[in-house]
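Dear colleague,

I am passing a structure on to you, together with an account of what was found in it. Please look through the sequence and the model below before reading on.

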Amino acid sequence: MAKAREIYLDCGATTPMGTAALAQWQAVVQEAWGNPSSLHRWGERATMAVERARLQVAAAIGARPTEIVFTSGGTESDQLAILGLATGAPRHGVISAVEHAAIARTADLLVARGWQIDRVPVDGGGRVEDLAPFLRPDTAFVSLILGQNEVGTLQPVAAWGKRCRAAGIPFHTDAVQAGGRVPLSVTELNVDLLSL
Ligand SMILES: Cc1ncc(COP(=O)(O)O)c(C=O)c1O
């Protein structure tokens with residue numbers, strides 16, 4: 001009997017590694033496996049690989065290499081961004097109602113610490129409604145997902161970013177799901193922080 005054909009339809013969650021990426025990964029773990037903080041030549045090789053990657057990522061999103069911070073993944077990037085913005089005295093933040101759990105649960109954590117978080121609702125098409133009524137003089141940050149992870153809606157990040165910049169409010173976008181699917185430019189998106 002013929003074996004049933006399996007079709008994987010969860011590429012939004014993860015994908016098998018592409019051949020080119022696999023070759024790069026293999027080269028790095030075999031040739032540049034040192035600790036980049038080490039001063040010897042094994043460390044130097046690792047440093048060069050990391051710095052080359054930093055240049056590539058920066059170029060891919062129109063950022064400066066010094067602005068790139070490598071993390072273990074999407075959740076850690078989102079948490080680092082939000083908790084990094086939530087350090088000061090104003091304790092008000094704005095997110096959308098359709099953020100990934102990495103943002104929504106981090107916002108819950110802030111609420112447990114006494115923060116007020118507004119969650120902007122979405123319309124029937126899954127797009128966030130107007131942000132303006134939620135912005136306050138004491139708003140410490142705004143975070144809006146770029147590509148929604150369940151329904152794929154692309155949110156109006158550039159417009160929100162422009163509005164926040166005019167108001168002097170730090171603006172973060174979760175582009176974990178959008179990366180590699182739509183062009184990303186941190187300048188065109190008007191974002192201060194982007195998780196990728
Ligand atoms: C939009 C979005 N943000 C954050 C994450 C979390 O990323 P990770 O699973 O790498 O922690 C995901 C994961 O699918 C995601 O889709």
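A residue is called buried here when its relative accessible area is under 20%, and exposed when that value is over 50%. By that cut-off Ile145 counts as buried, because its relative accessibility is 1%. Please keep in mind throughout that this is a predicted model.

To begin with the overall picture, the protein has five helices and five strands, and from the N terminus on these elements follow one another in the order α-α-α-β-α-β-β-α-β-β. Taken along the principal axes, the box filled by the C-alpha atoms is roughly 60 × 55 × 35 Å. Of the 196 residues in the protein, 35% are buried.

The ligand is the next thing to look at. Around the ligand you will find Gly73, Gly74, Thr75, Asp78, His100, Ile145, Asn149, Asp174, Val176 and Gln177. Sorted by class, this shell consists of six polar, two nonpolar and two charged residues, and the element that gives the most to it is helix H3, which spans residues 74-85 and supplies three residues. The space that the ligand takes up is the second largest pocket.

A polar side-chain atom of Gln177 is 2.6 Å from an oxygen atom of the ligand, and a polar side-chain atom of Asp174 is 2.7 Å from a nitrogen atom of the ligand. In the case of Gly74, a backbone N or O atom is the one concerned, and this atom lies 2.9 Å from an oxygen atom of the ligand. On its own the ligand has 390 Å² of accessible area, and the protein covers 72% of that.

Strand S3 deserves a separate paragraph. Ile145, already named as one of the residues around the ligand, is found in this strand, which covers residues 139-145. Between the C-alpha atoms of Ile145 and Ala97 the distance in space is 9.8 Å, although 48 residues separate the two in sequence. Ser143 also has its place in strand S3, and Ser143 counts as buried because its relative accessibility is 0%. The side chain of Ser143 is in polar contact with the side chain of His172, at 2.8 Å.

With a relative accessibility of 19%, Pro156 counts as buried, because the cut-off is under 20%. Pro156 and Leu146 are ten residues apart in sequence, and their C-alpha atoms are 7.6 Å apart in space. Val157 belongs to helix H5, which runs over residues 157-167, and Val157 is buried as well, at a relative accessible area of 1%. From Val157 to Gly34 the C-alpha distance is 39 Å, with a separation of 123 residues in sequence.

Returning to helix H3, which was named above for its part in the shell around the ligand, you will find Leu85 within this helix. Leu85 has a relative accessible area of 18% and is therefore buried. Leu85 and Leu189 are 104 residues apart along the chain, and 18 Å separates their C-alpha atoms.

One backbone feature may be worth a look of your own. Asn190 is found in the loop that runs between strand S4 (171-174) and strand S5 (193-195), and Asn190 is buried, because its relative accessible area is 17%.

With kind regards

Terms used: Residues are numbered from 1 along each chain as its sequence is written. This is a predicted model: local features need pLDDT of at least 70, side-chain atom pairs count only at pLDDT 80 or more; totals for chains, interfaces and linings use all residues. Side-chain values use heavy atoms; hydrogens and water are left out. A residue is near a molecule or strand if one of its heavy atoms lies within 4 Å of it. A polar contact is a pair of N or O atoms within 3.5 Å; within protein, one must be able to donate a hydrogen and the other to accept it, and residues adjacent in sequence count only if both atoms are side-chain atoms. Accessible areas come from the Shrake-Rupley method with a 1.4 Å probe; for residues, only the protein chains shown count as cover. On a 1 Å grid over the protein atoms alone, a cavity is a set of points where a 1.4 Å probe fits but cannot get out, and a pocket is an open set with protein on both sides within 12 Å along at least five of seven lines; lining residues have an atom within 4 Å of a point. A molecule sits in a cavity or pocket if more than half of its atoms lie within 2 Å of its grid points. Helices (H or I, at least four residues) and strands (E, at least two) are DSSP runs, numbered from the N terminus. Ala, Val, Leu, Ile, Met, Phe, Trp, Tyr, Cys and Pro count as nonpolar, Asp, Glu, Lys and Arg as charged, and the others, Gly among them, as polar. Buried means under 20% relative accessible area, exposed over 50%, partly exposed in between (1.4 Å probe, protein chains only).
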